[in-house]
Structure formats: C-alpha cells, structure tokens
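Welcome! Take a look at the structure, then try each task before reading on.

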Amino acid sequence: MQVPAPFDYARAENVEDALALLHTHGPESRVIAGGHSLLPMMKLRLARPEWLIDINDLFELDYIVEDADVIRVGALTRHATLLGSDVIASRFPIVVDAEKVIADPVVRNRGTIGGSLCQADPAEDLSTVCEVLRAEVVIRTLDGERVVTMPEFHRGPYETAVAQDELLTEIRFPLKPRTGSAYEKVERRVGDWAVAAAGASVTLDETGAIADVAIGLTSVGLDGHTATRAEDALRGSAPSEEAFAEAARLASEACDPVADQRGPIDYKRHLAGELTKRVLRRAVERVS
C-alpha cells in the first residue's frame, strides 16, 4: 500500500491557531511541516491521521537568536538554515557536523529541527546532539508553556513529552565557555540512517583538565540518555588518548545494539567505541 488513507487538511495561521485546531480535531490530528517522517508512514498506513494541521506558515517559529547565555532556535527552523548559520557553526560545531550527514539537500531544505526531535527515532541524529548539548525545549499549550530537559522530553522510541494537542516551539542550547563539540556518523550510503554515530561536548577548566563532558550514541541502543560511566571516568582528568580510549570502552559497554541489515552486534559495538574516541578528540581540539 503506497497511498495514504483519506484525511482532512487545515493550514494554521499562527501558533494559537495551530493549537486550537489540534484541540478541536482531537487525538487523530497531526501537525505537518517537512513531512519526511509522517508522509512515508501515512503511505504505508502505519499512521492514519484524520486531520493534518499544516504549520508551514508559522514563521514566528523560524529563527536562531543568541542571547547572553543561550542560543534559542525555533522549532520550524529548517535543517538547511542550521547548516548555514554562522552563529551555530561558531558556538556548536556538533550541530553542523550532524546536519551535513542528515539525508540530502532536498530533505534538509524542508525538514525542521522540531520535526526531527518529535519523531524521536532512535537513529535520528539531532536527538543525540541535543542530549549532548543538554538542550531544553519549550512546549506550548492553549494555557501557556513549559520548559523540559531532553531526558524529560524523550520518553522512549517514538515517544515524547509533547501531548497530541501541544506544540514544540523552541529549543534552547546553553552557552558554556571553553567548550568544544563534535559528531561523527557511519552510514551505509550518503544520507542513510546511522549504522552507528557518536557525539560529544567537552568543557575544559583553566588548567586544561576536563571539567564537564557529555557523550551520546545514536542507533546502538544506549541505555539512558548519555554514556554516564564514560563521562564520569573523564571528569577531572587531563585530555589524553588513554583517557579517551577508556571512555570509549565504557561507552561501548553501555550500548546495546541489535543485529540487522546494517551490521552485526560486534561491529556496531566496535563502531560505538571508535567513534566515541574520535568525537572526544575533535571536541577537545575545538575548545575555544
């Protein structure tokens, strides 16, 4: 089956209108912006929404703003905009690393950061990036808004804290001095889902030791939101190949990949460790 089930369509004029439409049309209504995740599921009849609420006119959700201690990104910001942003590139090179390997230019021109996060696919790159950067997200309702952390936001595969009649409106990335970040991905072909990927953010203190670190893995069944044992092993130590190798070993042990058409378990576990070393090394090199 390659044709969606019948559905009705409405185009929201602003955030309040979108929320009102979701509330009016109930649990079988869904928002659509880029549609690169939802439409294929609809064609396969894995998703059968009765209403699609188009939010492409919500230009108030398309922005990148740098404040004193945070960069705020609107949920409707396209992947291509993030990839081309000088502010993002200078502050969070990990985002640029990830955006370069997300699908292809056609998808990046239409897909949005909010859509990627709300899909909550375990193989999705920006979810790992936001976990590593300890981002927070803003969720709007008809009655107001709330701010949640990424561990609170992602409740499991394809499940988030955004209720059916709510909207993710903003992602907030905290700014930290003396911090570098990196992301690296292995894929079978350009634009494919990851066989395995890793991301890291490293903060150094005035002596050059690792004051804080976050390590995330994509598509390898990491139990938890970051590799906490690997992070704990690095804090307080000097950056070195030996320290990175030990953290990589612990990160590899923490993941739980499954064998599939992309590779066997041992291969994926090896990739998790190797990629962890690489992103830690590159993140430290990028500290500024």
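**Exercise 1: A helix residue and its contacts**

Asp97 is part of helix H5 (residues 93–100), where helices (H or I, at least four residues) and strands (E, at least two) are DSSP runs numbered from the N terminus. Before we go on, note that this is a predicted model in which local features need pLDDT of at least 70 and side-chain atom pairs count only at pLDDT 80 or more, while totals for chains, interfaces and linings use all residues. Residues are numbered from 1 along each chain as its sequence is written, and side-chain values use heavy atoms, with hydrogens and water left out.

Task: find out whether Asp97 is buried or exposed, and which residues it contacts.

Solution. 
- Step 1: Recall the cut-offs: buried means under 20% relative accessible area, exposed over 50%, and partly exposed in between (1.4 Å probe, protein chains only).
- Step 2: The relative accessibility of Asp97 is 12%, so Asp97 is buried.
- Step 3: Contact means heavy atoms within 4.5 Å. Setting aside neighbours within four places in sequence, Asp97 contacts Ser181, Ala182, Tyr183, Arg282 and Arg286.

**Exercise 2: Cysteines**

Task: work out how many disulfides the structure holds.

Solution. 
- Step 1: A disulfide is a pair of cysteine sulfur atoms within 2.5 Å.
- Step 2: The structure has zero disulfides. For Cys118, the nearest cysteine sulfur is that of Cys130, 11 Å away.
- Step 3: Cys118 is partly exposed because its relative accessibility is 31%, whereas Cys255, at 3%, is buried.

**Exercise 3: Aromatic rings**

Task: find which residues form an aromatic pair, and say how the rings are arranged.

Solution. 
- Step 1: Rings of Phe, Tyr and Trp (its six-membered ring) pair if their centres lie within 6.5 Å; planes under 30 degrees apart count as stacked, over 60 as edge-to-face and the rest as tilted.
- Step 2: This rule gives one aromatic pair. Phe92 and Phe173 form it, with 5.5 Å from centre to centre and 45 degrees between the planes, a tilted arrangement.
- Step 3: Phe92 is in the loop between helix H4 (86–91) and H5, and Phe173 is in strand E10 (residues 167–174), so the pair ties together parts 81 residues apart in sequence.
- Step 4: Both Phe92 and Phe173 are buried.
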